There are 2 protein chains.
Amino acid sequence: MLSGVPSTTRARSGADPVTAAAPTARRAGLERVDVVDAALGIVEAEGADALSMRRLASELGVTTTTIYWHVGNREQLVVAVVERMAERLGAAPIRGRRAQQRVHSAAVNIWRSAIGHRNVTALASSIGATTLLELPLEVALLAELERAGVRGTRARDALASVLACVAGFLITAWRPPEDRPEGLRPSQIWSAVEDARVSRSTVRAVAGGTDLDRLAERTLLAVVADYVPADGADEER
Amino acid sequence: MLSGVPSTTRARSGADPVTAAAPTARRAGLERVDVVDAALGIVEAEGADALSMRRLASELGVTTTTIYWHVGNREQLVVAVVERMAERLGAAPIRGRRAQQRVHSAAVNIWRSAIGHRNVTALASSIGATTLLELPLEVALLAELERAGVRGTRARDALASVLACVAGFLITAWRPPEDRPEGLRPSQIWSAVEDARVSRSTVRAVAGGTDLDRLAERTLLAVVADYVPADGADEER
DNA sequence: ACCTGAACACCGTTCAAGT
DNA sequence: ACCTGAACACCGTTCAAGT
């Protein structure tokens, strides 16, 4: 038999036409991009925690060390996965005419992108690389801030505030109350609260939970309004 | 020799005075509270990730299975650690006279408590149990919201917004740019950005980083102001 | 250049057994 | 009631070796 070498492009260098001996460590035909794609697939399908070097290796029918040869180590793999996702994430359109509307729209774009790809965002967040993922969206936000007359350190602060809010709403969205362990669900904790200073109806409302998407967008508007006023057209100030 | 049993209170039940044979699995004198305290110590000293069942066991000079006997499993241990910390965290005083000031003060108290004990907060967050840690501070915030005339679902939303912001600023504070891997530091990423829509000075400012504490308190004020107006004394509305 | 096998130092968890 | 020892099924990572 002529060995089961996969049909990738052969004849890389000046290879002599020796008939190959029975290979024990034979070529798998893997390339770095295949490894990264497989990793991205695992993360999107099963979450950031499901990505392990061994799991990835077995998925590709290869040894763990092969993964290391291609990508270095886990962190470098994660960076590559995040960069790969970033390529796909084009800049979303910004809506509105007035300055505040447009800045808010750019902020909401970051939020929607983050929940839209929450698994990869969680992965990026685990190594502190969310900026790598959403850089074009962050630049777009800065651009709208500039148009609204907010620049320099004020623009930097506005961006940081928006990103913090997005991150905050994300982590509450990652762990929905349903799959929290018994006794840790907010509904249970709050239903046991009795305090003379707080009315029953408020406590009941808190125990009930809220619509995260709506609240995130509202909160982002409040944050944005702190940097660019509602009356709008004060470009160049 | 009379065995090296620790000097805890003996004579639990009606024990017959038999001289103990050479003990292979002898009593360690451990109690659940000792396990939880040791775990809290590890977390405070070395962070949430440093807490492992094996590490904890060896710290206590005991087998891993002993830890399981006392606390159940890792998650239950974490809950116990968080509850233990919660006991220590008394309610912080609220400052200001006007309603918005007081609500903001209550929100800032949550933020300060969280960064003040960031390791335990990170541990609580890892199982979605931050409410368990800061419940009294959250109740205090609700109380101030009620005093300001914000109740029911509006109070619930205000609380959720504040908690999201606190969580967001926390996770950016957890992983300071300094100990991020080469090439992932915002300063490096941003210094490579060139975009016609954004001025150089703004990009430079973003690359520079900001004062998180100041910004967190400012952002919390913006969020609070969205629910309780600045003019203040509209109690009961 | 590309890949395997064995090994090291970790994890959380369970189970039977000892006193 | 309290604790040990062995085991199972996982991790990330490295190193020497094979073709």
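**Two protein chains and DNA strand D**

Student: Which residues come nearest to DNA strand D?
Tutor: In this predicted model, a residue is near a strand if one of its heavy atoms lies within 4 Å of it. There are 25 residues around DNA strand D, and those that come nearest are Arg54(A), Tyr68(A), Ala28(B), Thr66(B) and His70(B).

Student: How should I read the numbering and the values here?
Tutor: Residues are numbered from 1 along each chain as its sequence is written, while chains are lettered from A and ligands numbered from 1 in the order in which they are written.

Student: What is the average pLDDT of chain A?
Tutor: Over residues 1-23 of chain A, pLDDT stays under 50. In chain A, 86% of the residues score at least 70, and the average is a pLDDT of 88.

Student: Which element gives the largest share of the surface near DNA strand D?
Tutor: Helices here are DSSP runs (H or I, at least four residues), numbered from the N terminus. Helix H2 (53-59) and helix H3 (64-71) of chain A, together with helix H3 (64-71) of chain B, each supply at least two residues of that surface. The largest share, four residues, comes from H3(B).

Student: What area do chain A and chain B bury between them?
Tutor: The size of an interface is often given as the accessible area lost when the parts come together. That buried area is found with a 1.4 Å probe and summed over both parts. Of the area between chain A and chain B, 67% is on carbon and sulfur atoms, and the total is about 4700 Å².

Student: How many salt bridges are there between chain A and chain B?
Tutor: A salt bridge is a side-chain nitrogen of Lys or Arg within 4 Å of a carboxyl oxygen of Asp or Glu. Arg218(B) and Asp226(A) meet in this way, at 2.8 Å from N to O. Between chain A and chain B, the count of salt bridges is four.

Methods
This is a predicted model: local features need pLDDT of at least 70, side-chain atom pairs count only at pLDDT 80 or more; totals for chains, interfaces and linings use all residues. Side-chain values use heavy atoms; hydrogens and water are left out. pLDDT is the predictor's confidence in each residue, from 0 to 100. Contact means heavy atoms within 4.5 Å. Buried area is the accessible area (1.4 Å probe) that two parts lose on being put together, summed over both.
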